[in-house]
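Hi,

Here is the structure I promised to pass along. Have a look at it first, and then read on for my notes.

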Amino acid sequence: MNDDSRKGADGLKKEEVQRILSVLGTEGVLDTLLCIREYEWMTASEIAKQMDTHIATAVKRLGGLYEIGKIGRASCRERV
């Protein structure tokens, strides 16, 4: 019996694990995670500049990481 809706020992469904692995396996996503890990928060523009990539690419990678719960969203605020 193959029931994909069952949860494993970690409490995640098979589909959730597949989605997490899919996002983390996407080109550049792990590098993005390592880049932002060193900072309290960064904008997509800052990440794009740091990684020498297009801002749309940075936004896409950040969206995937947010979707799987690896990063949160900071409120926009003026930096001093």
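One term to begin with: a residue is called buried under 20% relative accessible area, exposed over 50% and partly exposed in between, using a 1.4 Å probe and protein chains only. Please keep in mind that this is a predicted model, in which local features need pLDDT of at least 70 and side-chain atom pairs count only at pLDDT 80 or more, while totals for chains, interfaces and linings use all residues. Residues are numbered from 1 along each chain as its sequence is written, and side-chain values use heavy atoms, with hydrogens and water left out.

First, the overall picture. The chain has four helices and zero strands, in the order α-α-α-α along the sequence. Helices here are DSSP runs of H or I with at least four residues, strands are runs of E with at least two, and both are numbered from the N terminus. The chain has 80 residues, of which 21% count as buried. Among contacts (heavy atoms within 4.5 Å) with a separation of 6 or more, 39% are between residues 24 or more positions apart.

With 13 residues, α4 spans 18 Å from first C-alpha to last, close to the 18 Å expected at 1.5 Å a residue; the expected span is 1.5 Å times one less than the number of residues. Its buried residues are Ala58, Arg61, Leu62, Gly64 and Leu65. They line one face of the helix, because they fall within an arc of 160° when seen down the axis of α4. That arc is taken from the directions from the helix axis to the C-beta atoms. As a reminder, an α-helix has 3.6 residues a turn, so residues three or four places apart point the same way. On the other side of α4, Lys60 and Glu67 are exposed. What covers the buried residues of α4? The cover includes α1 (14–24), α2 and α3.

The packing of α2 may interest you too. Helix α2 (residues 29–37) meets α4 (residues 55–67) at an angle of about 80°, and their axes are 10 Å apart. Axes are lines fitted to C-alpha atoms, for helices over the stretch in contact, and angles run from 0 to 180 degrees between N-to-C directions. The two helices are therefore roughly perpendicular, a label for 65 to 115 degrees, with under 35 roughly parallel, over 145 roughly antiparallel and the rest oblique. From α2, Val29, Thr32, Leu33 and Ile36 take part in the contact, and from α4, Arg61, Leu62 and Leu65.

Helix α2 also crosses α3 at roughly 110°, with the axes coming within 11 Å, which makes this pair roughly perpendicular. Asp31, Thr32, Cys35 and Ile36 of α2 touch Ile47, Gln50 and Met51 of α3 there.

Leaving out residues up to four places away in sequence, Ala44 touches Ile55, Ala58, Val59 and Leu62.

Finally, two backbone details. Asp52 has a positive phi of about 55° although it is not a glycine. Asp52 sits in the loop between α3 (44–51) and α4, and counts as exposed at 73% relative accessibility. Just after α4, Gly69 also has a positive phi, of about 85°.

Best wishes
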